[in-house]
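Please open the structure in a viewer and keep the selection panel at hand.

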Amino acid sequence: TGTLEGATAKRGLWSSRLAFILAATGSAVGLGNIWKFPYITGENGGGAFVLVYLLCIAAVGIPIMMAEVMIGRRGGRSPVNSLRLIAERDKLNPAWRIVGIIGVLAAFLILSFYSVIGGWAVSYVGTAASGQLVGQTAESIGAIFSGLLSDPGTLLMWHTVFMALVMVVVARGVRSGLERAVSILMPGLFVLLLIVVGYAMTTGHFGQAVSFLFQPDFSKLTTSGVLVALGHAFFTLSLGMAIMMAYGSYLPKGISIAKTSITVSVMDTVVALLAGLAIFPIVFANGLEPGAGPGLIFQTLPLAFGQMPMGSLFGTLFFVLLIFAAWTSGISLLEPLVEWLEEQKGMNRTISTLAAGVACWLLGIASILSLNLWSDVTPLGMFSMFEGKTIFDLLDYLTANILLPLGGLLVAVFAGWFMSKQALENELSLSESGFKLWYNTLRFVTPVAVMVVFIYNLA
Ligand code: PHE
Ligand code: NA
């Protein structure tokens, strides 16, 4: 299989640090920031949850992102093979490639429901563009949303559209166009979020939203809330699934892994917090429930677009940009399985994209049905930790709160306790104190945090 260095040379490298940042940001910034972060923050009581989430990003997320990128660059292959090569070279157990396999599985499960939510965004482009949001009340907006959820045919249509968008790009294997688009679309999304935040400031409930988000009330924090915060840190940064490993394998030597990882994490966090600042003033101004669940942004943002000047235009643009953000994330979710099918099963790219995409699309149908016809079906409901969880809830819970933290834990242990320290120092080329900080966090803080949260939630 050749040397590590030879492998890297053959696969070509990112043209620049910027290209890596664009691809990684494209994967990171997505529905997790705008759809999921606000609604789990609402469900878990606000401030204290946000604080724990930020701690998880800093103490768990960033160190693991650095470790993933570092492993990818060192191995210079697809994740499973990078892990295998490094394990071979450092005389470690070849079973470490299981980390890559957990990642492929998690990414597949996530994409199946991610595409359904992406479909909601596609559907709202039409709703906003046709001017339907103008003059609506909280109730009528709520009715539009529940109408969508109760209609499996429409949900299936938009889920199919979203999945097709993802499959087309993955099948063609040319991401460069889309990645360059990220450099225009991400700032666009950012500006539109700022516009909604600006509108939110005029509702008279901005201060209430700021204290909801940033004034921790620890009496509202539960142990399951801590697990959700930790799981979301992985989900939002696309960690624990070897995706950053795959991207890292294209990163040229000599570029700072620490700086690039921190940049991506900060951008992701800023987008999530802006989404919170855009949404919660609208929630409070209209007497809505912060804990309304997965429909939160689809019940609040449309109200804002219905009331602000040029709202139909801004609303349409916003949902188009949200689709782009979700699209780049969706691509990064399908890619690992397609690559794995190509490498392990020798399928060509088109066939492997079709196989993986169609399988994912089929599983997505179960999520769609669990929003309406199967809303009473709770497959693991006999276990108290899964009580009342539909198929959709379960897929979300199992991936974000179990598989991703587990994958991340294994990455931390592999890099922190098994890889040669010399190799880590060479790859990261940090100052002595910087390296120590990262190394000790990865070896001790990260694994202990993940395990403690796990054990508390099992008990
Ligand atoms: N990070 C993406 C988001 O926040 C979702 C995602 C998770 C993408 C895992 C890739 C891998 O929306
Ligand atoms: Na994210």
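Begin with the largest nonpolar core of this predicted model, which has 161 residues. Select I71, W120, F318 and W438, the residues with the most contacts inside this core. Then display helix α6, which contributes 19 residues, the largest share of the core.

**W120 and its surroundings**

Centre the view on W120. Which residues does W120 touch, not counting those up to four places away in sequence? The list consists of W35, F145, L148, L149, L155, P294, F298 and L371. Now select W120, Y124, F145, F298, F305, F318 and F319 together, as these residues form one aromatic cluster. Two of its members, W120 and F318, are also among the residues with the most contacts inside the core.

**L148**

From W120, proceed to its contact partner L148, placed in helix α7 (residues 138-149). L148 counts as buried because its relative accessible area is 8%, below the 20% limit. With neighbours within four places in sequence left aside, its contacts are W120, S123, Y124, T154 and L155. For a distance across the model, select the C-alpha atoms of L148 and F214: the separation is 33 Å, for residues 66 places apart along the chain.

**S112**

Next, select S112, which lies in helix α6 (residues 98-129). Is S112 buried or exposed? Its relative accessibility is 0%, so S112 counts as buried. Setting aside neighbours within four places in sequence, S112 is in contact with H159, C360, L363, G364 and L395.

**The sodium site**

Move to the sodium ion (ligand 2) and display its protein donors: A28 (O), N33 (OD1), T236 (O), T236 (OG1) and D268 (OD), at 2.2 to 2.4 Å from the ion. The site has 6 donor atoms, with angles of 78 to 170° among them, and is octahedral. Along the chain, the donors follow the spacing A-x4-N-x202-T-x31-D. Within this set, N33 in helix α3 (residues 31-43) and T236 in helix α11 (residues 223-236) link distant parts of the chain, 203 residues apart. Both residues are buried: N33 has a relative accessible area of 0%, and T236 has one of 1%.

**Aromatic pairs and charges over rings**

The aromatic pairs number 25. For one of them, select F212 and F284: the ring centres are 5.5 Å apart and the planes stand at 75°, so the pair is edge-to-face. Because F212 belongs to helix α10 (residues 206-214) and F284 to helix α13 (residues 257-285), the pair ties together parts that are 72 residues apart in sequence. Both F212 and F284 are buried.

K36 lies over the face of F235, at 4.4 Å from the ring centre. R443 lies over the face of W417, at 3.9 Å from the ring centre.

**Helix α5**

Finish at helix α5 (residues 79-89). Why is this helix largely enclosed by the rest of the structure? The reason is that 8 of its 11 residues are buried. Select these buried residues: P79, V80, N81, S82, L83, L85, I86 and A87. Just after α5, inspect the backbone at K91, which takes a positive phi of about 55°.

Conventions. Residues numbered from 1 in each chain as written. Chains lettered and ligands numbered in written order. Predicted model: local features only at pLDDT ≥ 70, side-chain atom pairs only at ≥ 80, totals over all residues. Heavy atoms only, no water. Donors = N, O, S within 2.8 Å, 3.2 Å for Na, K, Ca; no water. Tetrahedral: all angles 85-135°; square planar, octahedral: opposite > 155°, others 65-115°. Helix = DSSP H or I, 4+ residues; strand = E, 2+ residues; numbered from the N terminus. Buried < 20%, exposed > 50% of the residue type's maximum accessible area, 1.4 Å probe, protein only. Contact = heavy atoms within 4.5 Å. Phe/Tyr/Trp six-rings, centres within 6.5 Å; stacked < 30°, edge-to-face > 60°. Lys NZ or Arg CZ within 6 Å of the ring centre and 35° of its normal. Core = buried A, V, L, I, M, F, W, Y, C linked by side-chain atoms within 4.5 Å.
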